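Me: I have a structure open and would like to learn how to read it. Could you take me through it feature by feature?

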Amino acid sequence: MPLFCRRHLLRLGAPALLALALATTAFAQPALWAVKSATTTVYLFGTVHLLPTDTDWHYPVLDKALAASDSLTIELTDDNPANMQALVMQYGLDPTHLLSDQLTTAENATLAKAAETAGIPGGTQTIEIMRPWLAALTLAMAPLIKAGLDPAHGVDKLLQAQMVKAGKPVNGLETSEQQIRFLADLSPELQLDFLRSTLHDVDKDSTELTSLISAWKAGDTAAIARLEDEDVRKESPELYETLIVDRNKAWATKIAALLQHPGTVFIAVGAAHLAGPDSVQAQLAKVGITTQTR
């Protein structure tokens, strides 16, 4: 399962999340970009990692680009349940530092209510031994899955299945351990801020994600940037830098390298990475590489 967090469900993995690949509302469809050199085409497409199973997002230009591509690159390919469980055990649990000892009485009451509302098996006893980042992630994810938003039907997973069926290779930009550590390596203070923010907005998650999915389907870049990036950039610059800016820079470097090798590559990442002032396209522009909408 990709990395997610409260405002990053279109962006990562989460991860992350947020996501979060959008142009203008005139086309009313998820946007697609192309980056080209003399012998190479790299398509860029934003994904939603959680999606209702009945969502229709294919359109002819997108399907043509997929058919023309020699391979697919997504954020993760090693996110099988066994691997993810091992990583969560390694980086997400800390029985020696109980979560309740790190929160106020009022925050513990809110945590208990959120765990009950989300239907987390074991309730606060399950949450108690989690590090703050994992508790936040669990509380953000549970009600969304309960509302019928299925990670198995996320756009990246569906694209992966499509390309595997076509006999084309699927590569990962990152590993699951890298994505887990984006949050696990945050300072204890920032992890607690992330948890408190999640507790404050836990009732808004399903509504917010529905709005983001609507913006994604409509190709509304401005809405994605506003919903996914602006508040986080203001409230937690360190988290924004870690989850968005640093990763976008790394991916732009990899795309620049791909342009030196002949062929056609389709890259699908969380949609918020392709929106806003620090997008992958903006990072490419800094090194003189232009992206074009399709």
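Reply: The protein chain here has twelve helices and eight strands. This is a predicted model, in which local features need pLDDT of at least 70 and side-chain atom pairs count only at pLDDT 80 or more, while totals for chains, interfaces and linings use all residues. Residues are numbered from 1 along each chain as its sequence is written, and side-chain values use heavy atoms, with hydrogens and water left out.

Me: What share of the residues in the protein chain is buried?

Reply: Buried means under 20% relative accessible area, exposed over 50%, and partly exposed in between, with a 1.4 Å probe and protein chains only. Of the 294 residues in the protein chain, 53% are buried. Accessible areas come from the Shrake-Rupley method with a 1.4 Å probe; for residues, only the protein chains shown count as cover. The chain exposes about 12,400 Å², and carbon and sulfur atoms supply 56% of that area.

Me: In what order do the strands of the open sheet lie?

Reply: Strands of a sheet pair through backbone hydrogen bonds, either parallel or antiparallel. Two strands count as paired if DSSP finds at least two bridges between them. The open sheet has six strands in the order β6-β4-β7-β2-β1-β8, and its pairing is mixed. Its edge strands, β6 (170–172) and β8 (291–293), each pair on one side only. From one strand to the next, the twist averages 25°.

Me: Which pairs of strands run parallel, and which antiparallel?

Reply: Strands β1 (residues 32–36) and β2 (residues 40–47) run antiparallel and are joined by five bridges. The pairing of β2 with β7 is parallel, with eight bridges. Strand β4 (residues 71–74) also pairs with β7 in the parallel sense, over four bridges. A268 in β7 is the bridge partner of F45 and of I74.

Me: Why is β7 described as largely enclosed?

Reply: Seven of its eight residues are buried, so β7 is largely enclosed by the rest of the structure.

Me: Which helix packs on the sheet?

Reply: Contact means heavy atoms within 4.5 Å. Axes are lines fitted to C-alpha atoms, for helices over the stretch in contact, and angles run from 0 to 180 degrees between N-to-C directions. Helix α1 (residues 60–68) packs on the sheet and touches β1, β2 and β7 (263–270). The direction of α1 makes about 125° with that of β7.

Me: How many residues does α5 have, and what is its span?

Reply: The expected span of a helix is 1.5 Å times one less than its number of residues. Helix α5 (residues 132–146) has 15 residues and reaches 22 Å from its first C-alpha to its last, close to the 21 Å expected. Twelve of the 15 residues are buried, so α5 is largely enclosed by the rest of the structure. Among the buried residues are W133, L137 and M141. After α5 comes G148, whose phi is positive, near 100°.

Me: What does N248 touch?

Reply: N248 is in helix α11 (residues 237–258). N248 counts as buried because its relative accessibility is 0%. Leaving out residues up to four places away in sequence, N248 touches H273, D278, S279, V280 and Q283.

Key
Helices (H or I, at least four residues) and strands (E, at least two) are DSSP runs, numbered from the N terminus.
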